[in-house]
Amino acid sequence: THIIPTSAETVAHIDTTSSEKRAWVDLGRAVGGAPLALAIVMGGLLCGFGMLNALVLSYSRIPMVLAESGYLPSVLSKRSATTDAPVIAIFVSCAMWMMTLGISFDRLVSIDILLYGIALLLEFIALAVLRMREPNLHRPYKIPGGTTVAWLLGVPPLALLVVALIKNEHETLCGMNALLFGALVVALGPLLYLILRGRFTAQKSPPT
């Protein structure tokens, strides 16, 4: 997704050093006219819709599971009788996402880098820890190389996270550094876990 478009710019003799300040649709119009520009716009629309749909379907399950486990109000675990989708959790998640529309894209990227990057690192850590604690666990898709490779897989994402944090260190949000804001959000996680643990009555979903 990066090498091919950049290579196309080079072949078309477009100055790649200034392309980051121009929209891809402008570059497409310069190379292939209105048809290519329209194709790029339509591709972007389909990509955005697909990503939004995937994120809504996946992230809305998090408050649903937390509600089923007693960490959030049980109403968030309510599912549709026809589709089994967590309707309340979807609406609540969408409402919270809409609240971020007033935040600039650069600031959202800074926060997303920190929150998503840390979540991704936790997944790699869990991968390595499970290799050590549960060596005989059934694994349909097992990564070869043992525990060493499992730990090494987390190094590139960690390096990329550090570089991204350095690059976005000057973004601000709510009068403070955007990365500091994200760090405070992360720190609230363990605190809320202790406060909300078992506070709400769990509503278990019927077995499927």
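Serine 93 counts as buried because its relative accessibility is 9% (buried, under 20% relative accessible area; exposed, over 50%; partly exposed, in between; 1.4 Å probe, protein chains only). The model is predicted, so local features need pLDDT of at least 70 and side-chain atom pairs count only at pLDDT 80 or more, while totals for chains, interfaces and linings use all residues. Residues are numbered from 1 along each chain as its sequence is written, and side-chain values use heavy atoms, with hydrogens and water left out.

Serine 93 sits in helix α4 (residues 87-98). Helices are DSSP runs of H or I with at least four residues, numbered from the N terminus. Apart from neighbours within four places in sequence, serine 93 contacts Ser60 and Pro63 (contact, heavy atoms within 4.5 Å).

Salt bridges were examined next. The count is three, under the rule that a side-chain nitrogen of Lys or Arg lies within 4 Å of a carboxyl oxygen of Asp or Glu. One of them joins arginine 29 to aspartate 26, at 3.3 Å from N to O. Both residues belong to helix α2 (residues 24-59) and stand three residues apart, about one turn of the helix. Arginine 29 is partly exposed at 45% relative accessibility. Aspartate 26 is also partly exposed, at 34%.

Arginine 79 pairs with glutamate 68, with 2.7 Å between the closest N and O atoms. This pair links distant parts of the chain: arginine 79 lies in the loop between α3 (61-68) and α4, glutamate 68 lies in helix α3, and eleven residues separate them. Glutamate 68 is buried at 12% relative accessible area. Arginine 79 is partly exposed at 24%. Arginine 79 also forms a salt bridge with aspartate 84, the closest N and O atoms being 3.2 Å apart. Aspartate 84 is partly exposed, with a relative accessible area of 39%.

Helix packing was described by axes. The axes of α5 (residues 105-133) and α7 (residues 155-167) come within 10 Å and cross at roughly 165°. Axes are lines fitted to C-alpha atoms, for helices over the stretch in contact, with angles from 0 to 180 degrees between N-to-C directions. The two helices are therefore roughly antiparallel (angles over 145 degrees; under 35 is roughly parallel, 65 to 115 roughly perpendicular, the rest oblique). In α5, the contact residues are Ile113, Leu114, Gly117, Ile118, Leu120, Leu121 and Phe124; in α7, they are Pro157, Leu158, Leu161, Ala164 and Leu165.
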